[in-house]
Amino acid sequence: MFEEQHMAALREGWNHLYKDRLPALARARDPAQARWPVYLDHCFARIILDAAVGHDQPWPEVIKAPAVKHMTQSQLESAIDLGEKIATGKANLVDLDNRSLEARGKKRKADAQDSSPKKRLKMADAPSISKYFLPSPPSPGPSKPVPTSNGGSTATIKHVDNMQRELDRIRRSDLTAFRKQTLTLLCQVPRGRYSTYQAMSDHITQSSHKTCARAVGNAMRNNPFAPEVPCHRILAADGTLGGFGGHWGESGRFASKKRELLYEEGVRFDSKGRVKGPPFREFKT
């Protein structure tokens with residue numbers, strides 16, 4: 001059961017990465033790449049799969065199409081890893097594109113995708129990646145604050161944020177059952193509090209089925225409803241930031257945004273970067 005859920009989460013992560021995230025970065029001319037030679041989803045799939053699955057030969061010579069249904073766990077993880085490296089500038093997209101085209105006996109025409117004035121205009125008008133991480137809209141304050149055991153930030157007795165709209169969006173989505181379960185549970189973490197991947201996985205294991213913190217993290221990695229469905233309120237078990245926007249830790253690209261969102265909601269960190277106060281564990285099934 002866990003392996004099936006893990007594979008489903010990987011497939012969704014891969015689909016989001018090459019269909020949505022990388023094209024959005026390309027259209028926004030994100031500085032992670034000095035030049036984005038492609039901006040269409042199928043081009044990103046070709047480039048990444050030829051390298052990660054085909055090992056510099058056309059991927060259809062290695063696995064059947066559609067790739068997402070026939071990749072092994074290792075191949076999916078390799079494809080996602082390479083896609084993340086492209087998104088963060090750790091892999092050169094131009095070089096990878098040239099290698100892919102060479103393996104297919106092709107050669108890129110001089111910036112064919114970028115040369116059209118209309119296409120340049122479309123890319124210039126495309127939204128910045130920052131639109132995916134706007135601060136949460138104001139929500140009602142806590143009904144009755146009480147001090148935490150270590151004197152840190154306040155916690156709430158009752159979660160009064162109106163999350164029904166987000167719960168309906170999750171329910172109507174085409175996400176896997178496990179991702180729906182995880183994101184629905186996430187909606188219970190109130191403003192001004194935080195929880196951890198481990199706390200969420202503990203609750204799911206006790207109330208539903210066995211899982212782990214890594215699976216919970218994967219399920220939230222590409223949260224399509226952020227920040228209204230507040231994945232920024234989930235931290236690592238050691239009290240550090242954890243992941244956000246597909247990046248991990250203090251050095252992650254969106255770490256400062258996650259800390260800013262938490263600070264605006266009343267969550268505080270000590271001088272070592274660890275959160276103050278106990279995590280929220282009062283989940284209900």
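His55 is exposed, with a relative accessible area of 61%, and the model in which this value was computed is a predicted one. The residue sits in the loop between α2 and α3, and although His55 is not a glycine, its phi is positive, at about 50 degrees. The protein as a whole has 285 residues, of which 48% count as buried, and its secondary structure comprises twelve helices and six strands.

**Backbone features in the loops**

- Arg29, which is likewise not a glycine, has a positive phi of about 55 degrees, and its place is in the loop between α1 and α2.
- Arg29 counts as partly exposed because its relative accessibility is 44%, a value that lies between the 20% limit for buried residues and the 50% limit for exposed ones.
- The peptide bond that leads from Ala65 to Pro66 is cis, with an omega near -5 degrees, and Pro66 belongs to the loop between α2 and α3.
- Another cis peptide bond links Ala226 to Pro227, where omega is about 0 degrees; Pro227 is part of the loop that runs between α11 and β4 (234-235).

**Nonpolar cores**

- The largest nonpolar core contains 34 residues, and those with the most contacts inside it are Trp14, Leu22, Phe44, Leu49, Met71, Leu82 and Ile86.
- At least two residues of this core come from each of the helices α1 (2-27), α2 (41-52), α3 (67-70), α4 (73-88) and α5 (93-103).
- Apart from this core lies another one, made of 26 residues, which include Val189, Met220, Phe254 and Phe280.
- Met71, when residues up to four places away in sequence are not counted, touches Met7, Trp14, Leu49, Val53, Ile63, Leu76 and Ala79.

- Leu17 is located in helix α1, and it counts as buried because its relative accessibility is 2%, which falls under the 20% limit.
- Leaving aside residues up to four places away in sequence, Leu17 is in contact with Leu22, Pro23, Ala79, Ile80, Gly83 and Glu84.
- Leu17 and Gly246 are 229 residues apart along the chain, while their C-alpha atoms are separated by 9.4 Å.

**The contact of α10 with α11**

- The axes of helix α10 (residues 197-207) and helix α11 (residues 213-221) come within 8 Å of one another and cross at roughly 105 degrees.
- On the α10 side the contact is made by Tyr197, Gln198, Met200, Ser201 and Ile204, and on the α11 side by Ala213, Val216, Gly217 and Met220.
- Sorted by class, the residues of this contact are six nonpolar and three polar, with no charged residue among them.

**The protein overall**

- Among the contacts in the protein with a separation of 6 or more, 68% are accounted for by residues 24 or more positions apart.
- The protein exposes about 14,800 Å², and carbon and sulfur atoms supply 52% of that area.

Terms used: Residues are numbered from 1 along each chain as its sequence is written. This is a predicted model: local features need pLDDT of at least 70, side-chain atom pairs count only at pLDDT 80 or more; totals for chains, interfaces and linings use all residues. Side-chain values use heavy atoms; hydrogens and water are left out. A nonpolar core is a set of buried Ala, Val, Leu, Ile, Met, Phe, Trp, Tyr and Cys residues joined through side-chain atoms within 4.5 Å. Buried means under 20% relative accessible area, exposed over 50%, partly exposed in between (1.4 Å probe, protein chains only). Helices (H or I, at least four residues) and strands (E, at least two) are DSSP runs, numbered from the N terminus. Contact means heavy atoms within 4.5 Å. Axes are lines fitted to C-alpha atoms, for helices over the stretch in contact, and angles run from 0 to 180 degrees between N-to-C directions. Ala, Val, Leu, Ile, Met, Phe, Trp, Tyr, Cys and Pro count as nonpolar, Asp, Glu, Lys and Arg as charged, and the others, Gly among them, as polar. Accessible areas come from the Shrake-Rupley method with a 1.4 Å probe; for residues, only the protein chains shown count as cover.
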